[in-house]
Amino acid sequence: MKQHEIRIFGPPGTGKTTTLGRLIVDACKEYGSESILVASFTRTAARTVVDRNLPINAHQIGTLHALCYRALDRPKLVSSDSQRERKEAFPMYRFSGVQQAQDLDDPYRDIDKSQEGYGDALLQDYHRLRGLRIDPDQWPVRVQSFAVDWEDFIEQRMEMDFTDLIDLCLREHVPIPHRAAAFFLDEVQDFSALELALARQWGADCERLYFFGDDLQCL
């Protein structure tokens, strides 16, 4: 398919959400409602789309992480149990042990920084650098060392973390869900370089790829 990337950016109150809804309805008429996919940055944004009573099923709307999770047939993710065990397995990293459970539909929600330990900070740096698609050889030595231990830990447990979901879909060229002909991404200004790479890879198999956002509100 020939890809058409369309960008719709503007500040609040300029009608982006209304335009998103209208274009989804138009795409449903053109390609069929089963051929539409919508990704948002947070659950709140996804719910805003769902609440507009659009002619697509709820499972065709979600965060990019949630869409990847379904596309990979729901792999085992790092759990609260592994959070407790990593504190015991890596005392040198001084993990806080606080349950910072992530949510597929809100993967970047705020955590309690006051309870963060050294290991928690390293884990965040690890995910941030992966999200930026920086070559691991260019990472700080402390993060490189941590990455070896962390990746071995979750591999032994046969688990995946949230960044793995995006990374694996990108590296393995996992097909876009629902064989979507039109792919809509909302709040795209907050997507990482890794997430944008997957969005464009999936979008390359679509007729239309829409980016909605506000570059003045980038996180």
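Select strands S2 and S4 to begin: these two run parallel and are joined by four bridges. Within this pair, Val-38 has Phe-184 of S4 as its bridge partner. The model on display is a predicted one.

**The sheet**

Five strands form an open sheet, and their order across it is S1-S5-S4-S2-S3, with parallel pairing. At the edges are S1 (4-9) and S3 (61-63), each of which pairs on one side only. Viewed along the sheet, the twist from one strand to the next averages 20°. Strands of a sheet pair through backbone hydrogen bonds, which may be arranged in a parallel or an antiparallel way.

**The whole chain**

Now display the entire protein as a cartoon. It contains eight helices and five strands. Starting at the N terminus, the elements follow the order β-α-β-α-β-α-α-α-α-α-β-α-β. Of the 219 residues in the protein, 47% are buried. Among contacts between residues at least 6 apart in sequence, 75% join residues at least 24 apart.

**Helices across the sheet**

Select H3 next. This helix lies across S2, S3 and S4, and runs at about 105° to S3. Then select H8, which lies across S1, S4 and S5 and runs at about 150° to S5.

Remain with H8 and colour it by burial. The helix is mostly covered, with eight of its 11 residues buried. The buried residues are Leu-194, Glu-195, Ala-197, Leu-198, Ala-199, Gln-201, Trp-202 and Gly-203. Their cover includes the helices H3, H5 (118-131) and H7, together with the strands S4 and S5.

**Where H7 meets H8**

Two packed helices are described by the angle between their axes and the distance between the axes. Here H7 (residues 162-171) and H8 (residues 193-203) pack at an angle of about 40°, and their axes are 9 Å apart. Their crossing is left-handed. To see the contact itself, show the side chains of Thr-163, Ile-166, Asp-167, Cys-169 and Leu-170 in H7; these meet Leu-194, Glu-195, Ala-197, Leu-198, Gln-201 and Trp-202 in H8. By class, this contact comprises seven nonpolar, two polar and two charged residues.

**The nonpolar core**

Select the side chains of Leu-64, Leu-165, Phe-183, Leu-185, Leu-198 and Trp-202: these have the most contacts inside the largest nonpolar core, which has 31 residues. The elements giving two or more residues to this core are S2 (36-40), H3 (64-71), H7, S4 (182-185), H8 and S5 (208-213).

Centre the view on Leu-64. Leaving aside residues up to four places away in sequence, Leu-64 touches Ala-39, Ser-40, Ile-166, Phe-183, Phe-191, Glu-195, Leu-198 and Trp-202.

**Two loop residues**

The tour ends with two arginines in loops. Select Arg-133, in the loop between H5 and H6 (141-156). Its phi is near 60°, a positive value in a residue other than glycine. Move on to Arg-179, in the loop between H7 and S4. Arg-179 likewise is not a glycine, yet has a positive phi of about 50°. Is Arg-179 buried or exposed? Arg-179 counts as exposed because its relative accessibility is 75%, and exposed means over 50%.

Notes:
Residues are numbered from 1 along each chain as its sequence is written. This is a predicted model: local features need pLDDT of at least 70, side-chain atom pairs count only at pLDDT 80 or more; totals for chains, interfaces and linings use all residues. Side-chain values use heavy atoms; hydrogens and water are left out. Axes are lines fitted to C-alpha atoms, for helices over the stretch in contact, and angles run from 0 to 180 degrees between N-to-C directions. A crossing is left-handed if the near helix is turned anticlockwise from the far one by less than a right angle, and right-handed if clockwise. Contact means heavy atoms within 4.5 Å. Ala, Val, Leu, Ile, Met, Phe, Trp, Tyr, Cys and Pro count as nonpolar, Asp, Glu, Lys and Arg as charged, and the others, Gly among them, as polar. A nonpolar core is a set of buried Ala, Val, Leu, Ile, Met, Phe, Trp, Tyr and Cys residues joined through side-chain atoms within 4.5 Å. Buried means under 20% relative accessible area, exposed over 50%, partly exposed in between (1.4 Å probe, protein chains only). Two strands pair if DSSP finds at least two bridges between them.
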